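Subject: Structure handover

Hello,

Here is the model you asked to have passed on. Please open it next to the notes below.

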Amino acid sequence: MRLPGLLATAALIACLLPGSAWAQSGADARFEALERRIQQLEERLAERDAAMAEKEQALAKLQAKVAVQEQTAADIRAEVAESGAGGWTDGLEIGGAVEVLVSHDSPYEGNSTSNNETDTVEVALAAGIGDYASAELVLEKDDEDKVEVADAFFTIDSGAGVSFSAGKMGLPFADFETNLVSDPMALEIGEAVKNALMLSFESEAGFSASAYTFNGDADYNGRDRIDKVGAQAGFGTEIGGMGVELGVGWISDIREAEGFVEGEPPETAKKIDGLAVSGGLSFGPLSFLGHYMTTRDKVDGVDWTVADLTANESSVTYETQPVLTDPILDRSLLGDPIDDDLGSVGVAEPSAWGVEMGYAFEAGGREIGVALGYQRTHEALALEMPESRVLFGLSTELVEGIGIALEYARRNDYGTGSCAGWEVDLGEDEKIGGENGDADTWSAICGTGKSGSTVSLLLSAEF
């Protein structure tokens with residue numbers, strides 16, 4: 001009975017043995033396929049690595065080539081800069097201005113006039129000379145449409161705030177700022193442009209100072225030499241958002257100022273020194289300016305080109321020398337006047353001062369400037385100055401570099417009791433003042449006591 005069971009078991013084992021061998025052989029095939037696939041992937045990765053290595057090598061060569069080219073360009077630039085160092089165009093700057101003035105004037109007496117003129121034509125050149133020097137040249141049109149040298153000087157800078165300048169320059173005596181079209185009357189009197197030697201100092205703290213010397217046009221005791229001097233000091237800073245500026249100037253001979261000189265000044269035994277003071281405050285868009293200048297002695301020897309006198313009812317022009325006058329001084333300084341109604345006359349001590357307020361605001365995408373000023377002179381009738389002047393101005397920029405400014409000025413003449421006298425030498429054959437007139441006598445002009453006005457439109461281009 002047990003034999004069949006054993007036979008069945010043996011038969012079952014015999015049947016199972018071939019199946020296990022088949023399963024084993026299938027697994028081996030899958031492993032081999034997997035290995036081949038892995039090997040293929042490794043080969044592909046190796047090929048990609050080789051390709052990337054070639055690309056990286058090519059990129060490195062390209063970067064090295066670019067570096068060589070950049071170094072070559074840098075070397076070329078350095079050579080060009082070195083070869084051009086010290087050339088006449090090195091650091092050269094060119095600028096200029098053209099101003100056209102359209103005006104309508106109502107004088108103290110007579111008919112009103114209007115005019116348009118090219119008020120300013122100016123070309124400026126400035127150049128650096130090495131590391132410590134510079135030069136500046138300014139050419140401008142004069143009243144006769146001729147070109148003249150307005151400034152021509154060079155400056156040597158120590159690099160420590162101290163500099164030396166020599167040449168034709170505006171002296172820092174009456175250096176007054178304004179937001180109006182017209183210059184302040186104090187500037188018209190006290191401005192001076194001379195051939196000078198000047199030493200200047202400027203600190204980072206806002207302090208500045210300068211001292212200068214020059215020959216000038218007026219001779220002192222008949223000596224033609226460098227004997228005029230001047231000095232200036234200024235300070236500017238900001239305190240809590242408020243800008244502050246102060247300045248003071250002194251010149252040993254005010255006769256050298258543009259307002260006093262017409263032709264060659266006479267030789268005198270005395271210099272007349274002048275003093276100028278200026279200041280300014282600014283609070284954001286609001287600003288205030290003030291200035292003052294005066295002679296510090298009586299002026300009695302200022303040259304005047306011509307005067308129109310009436311001799312025997314005929315208009316005659318004589319070369320004359322004016323004597324500035326003050327109605328309260330003793331007439332004995334000049335002798336008897338032609339007309340006793342002119343009052344007492346004598347030498348004068350001209351002065352001028354002014355204040356100005358400015359405000360800036362935006363309107364229509366433009367910045368608009370508004371300015372209001374008041375100016376006054378004393379004993380300046382012979383300098384053709386009004387006694388007082390009120391000014392109002394508006395200004396803005398039309399396009400970049402092109403500005404427009406409108407100004408209304410109301411001026412008041414000296415009263416009829418203020419006169420300026422001219423001492424005249426007519427010679428033995430000429431008489432003035434009637435049959436009893438002397439050959440050497442004088443004439444005078446007096447104020448009208450009236451008012452006049454001027455409306456000015458200034459178009460300016462700066463480049």
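Predicted model: local features only at pLDDT ≥ 70, side-chain atom pairs only at ≥ 80, totals over all residues.

Residues are numbered from 1 along each chain as its sequence is written, and side-chain values use heavy atoms, with hydrogens and water left out.

Whole chain

The chain has 2 helices and 20 strands; helices (H or I, at least four residues) and strands (E, at least two) are DSSP runs, numbered from the N terminus. Of its 463 residues, 32% count as buried. Buried means under 20% relative accessible area, exposed over 50%, and partly exposed in between (1.4 Å probe, protein chains only). The accessible surface comes to about 27900 Å², and 55% of that belongs to carbon and sulfur atoms; areas come from the Shrake-Rupley method with a 1.4 Å probe, and for residues only the protein chains shown count as cover. A contact means heavy atoms within 4.5 Å. Among contacts between residues at least 6 apart in sequence, 56% join residues at least 24 apart.

Salt bridges

A salt bridge here is a side-chain nitrogen of Lys or Arg within 4 Å of a carboxyl oxygen of Asp or Glu. The count by this rule is 12 salt bridges.

- Lys450 and Glu109 meet at 3.4 Å, N to O. The pair links distant parts of the chain, 341 residues apart: Lys450 is in the loop between strand E19 (440-446) and strand E20 (451-462), and Glu109 is in the loop between strand E1 (93-106) and strand E2 (113-129). Lys450 is partly exposed, at 40% relative accessible area, and Glu109 is exposed, at 51%.
- Arg389 pairs with Glu188, with the closest N and O atoms 3.9 Å apart. This pair also links distant parts of the chain, 201 residues apart, with Arg389 in strand E16 (residues 388-399) and Glu188 in helix H2 (residues 185-190). Arg389 counts as buried at 11% relative accessibility, whereas Glu188 is partly exposed at 32%.
- Asp273 pairs with Arg296, with the closest N and O atoms 3.1 Å apart. Asp273 lies in the loop between strand E9 (242-251) and strand E10 (274-283) and Arg296 in the loop between strand E11 (286-295) and strand E12 (304-311), so this bridge ties together parts that are 23 residues apart in sequence. Asp273 counts as buried, at 16% relative accessibility.

Two strands pair if DSSP finds at least two bridges between them. Strand E15 (residues 366-378) runs antiparallel to E16, joined by 8 bridges; Ala371 has Gly393 in E16 as its bridge partner. E16 is in turn joined to strand E17 (residues 402-412) by 11 bridges, again antiparallel, and Glu397 has Gly403 in E17 as its bridge partner. E16 and E17 form a hairpin with 2 residues between them, and Gly401 in the turn has a positive phi of about 90°.

Thr377 lies in strand E15 and is buried, at 4% relative accessible area. A polar atom of its side chain lies 2.7 Å from the backbone oxygen of Pro386. Beyond four places in sequence, the contacts of Thr377 include Met185, Ser351 and Tyr414.

Nonpolar core

In soluble globular proteins, nonpolar side chains tend to be buried together. A nonpolar core is a set of buried Ala, Val, Leu, Ile, Met, Phe, Trp, Tyr and Cys residues joined through side-chain atoms within 4.5 Å. The largest one has 28 residues, of which Leu171, Phe173, Ile189, Ile254 and Met293 touch the most other members. H2, strand E6 (193-202) and strand E7 (207-214) each supply at least two residues of this core, and the largest share, 4 residues, comes from H2. Leaving out residues up to four places away in sequence, Phe173 touches Ile254 and Met293, among others.

Phe235

Phe235 is found in strand E8 (residues 228-239) and is partly exposed, at 37% relative accessible area. Phe235 and Ser203 are 32 residues apart in sequence and 9.6 Å apart in space, C-alpha to C-alpha. Beyond four places in sequence, Phe235 is in contact with residues including Ala205, Phe207 and Leu246.

Regards

Definitions and conventions:
Polar contact = N/O pair within 3.5 Å; in protein donor to acceptor, adjacent residues only side chain to side chain.
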